[in-house]
Amino acid sequence: MQMNASYTSLVAVGDSFTEGMSDLLPDGSYRGWADLLAGRMAARSPGFRYANLAVRGKLIGQIVDEQVDVAVAMRPDVITLVGGLNDTLRPKVDMGRVRGLLEEAVERLAPACEQLVLMRSPGRNGPVLERFRPRMEELFTVVDDLAGRHGALVVDLYGAPSLADPRSWDVDRLHLTADGHRRVAEAVWQTLGYEAEDPQWHVPSPPSPPPGWVSRRTADARFARQHLLPWIGRRLTGRSSGDGRPAKRPELLPYEGSVHEGPVTGGHGV
């Protein structure tokens with residue numbers, strides 16, 4: 001890792017996590033950790049360019065088919081790749097195929113940039129995750145192996161207590177809140193060699209009184225009605241929340257945006 005890093009361009013590749021759900025802005029768009037990171041990097045490097053190719057709901061095969069060649073052609077200083085987690089959440093998944101596709105992506109992206117960044121995605125504490133945890137950890141073993149073989153950096157979000165805290169997750173229990181995205185941006189920032197702005201990003205917020213039984217059951221019912229059942233419906237019908245949706249920021253252009261990192265009201269992920 002180089003310290004006092006100075007990069008001039010960033011391309012983000014992935015799914016809803018990189019698109020920025022559920023860090024909702026007042027205009028209805030999503031911000032997210034990649035935008036926050038780009039804003040910080042742009043403040044250090046005049047003329048900094050940024051593209052975000054991420055689209056919600058994408059599986060690793062779709063990321064390889066639709067985003068990897070585009071990122072390679074841009075030849076940026078930094079590429080971030082986060083993918084495969086949507087595959088692990090499917091009722092049936094061929095982890096061997098996921099491993100092969102992720103390897104293909106890394107083999108094509110690593111030579112196309114100065115620094116490739118991979119991640120061990122965050123995991124929310126709770127009963128739903130436990131069913132999928134073995135698959136996630138298998139995926140992260142692949143990430144670590146690929147990083148070692150191709151000189152990529154790995155940001156360990158999975159091991160961060162702050163991002164396992166349910167308070168860092170939106171009501172859909174699939175996407176991070178604004179504060180969660182802020183912490184991810186800080187983690188990537190530090191991994192790239194920049195001086196820490198929040199050395200305690202991995203530390204959870206102080207404990208708060210647990211919600212009462214009625215509040216928990218009400219939240220569970222709302223989650224099932226608004227998020228879980230629609231998600232199951234898409235899985236059963238082969239649809240995706242990203243069907244027909246273009247990339248968030250498809251061209252590598254000078255970044256113009258706010259570096260504001262204060263709290264923004266979270267929205268409902270889809």
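Two strands count as paired if DSSP finds at least two bridges between them, and helices (H or I, at least four residues) and strands (E, at least two) are DSSP runs, numbered from the N terminus. The model described here is predicted, so local features need pLDDT of at least 70 and side-chain atom pairs count only at pLDDT 80 or more, while totals for chains, interfaces and linings use all residues. Residues are numbered from 1 along each chain as its sequence is written, and side-chain values use heavy atoms, with hydrogens and water left out.

Six strands form an open, mixed sheet in the order β5-β4-β3-β1-β2-β6. Its edges are β5 (153–156) and β6 (249–254), each pairing on one side only. Strand β4 (residues 115–120) runs parallel to β5, with four bridges between them, and arginine 120 stands opposite aspartate 156 in β5.

Next come the charged side chains. Across the whole structure, 17 salt bridges are found, each being a side-chain nitrogen of Lys or Arg within 4 Å of a carboxyl oxygen of Asp or Glu. One of them joins arginine 40 and glutamate 197 at 3.7 Å, N to O. This pair links helix α2 (residues 33–44) to the loop between α8 and α9 (213–237), 157 residues apart. Arginine 40 is buried at 6% relative accessibility (buried means under 20% relative accessible area, exposed over 50%, partly exposed in between, with a 1.4 Å probe and protein chains only).

Within helix α8, arginine 182 and aspartate 179 are three residues apart, about one helical turn, and their side chains meet in a salt bridge of 3.1 Å, N to O. Arginine 182 is buried at 17%, whereas aspartate 179 is partly exposed at 32%.
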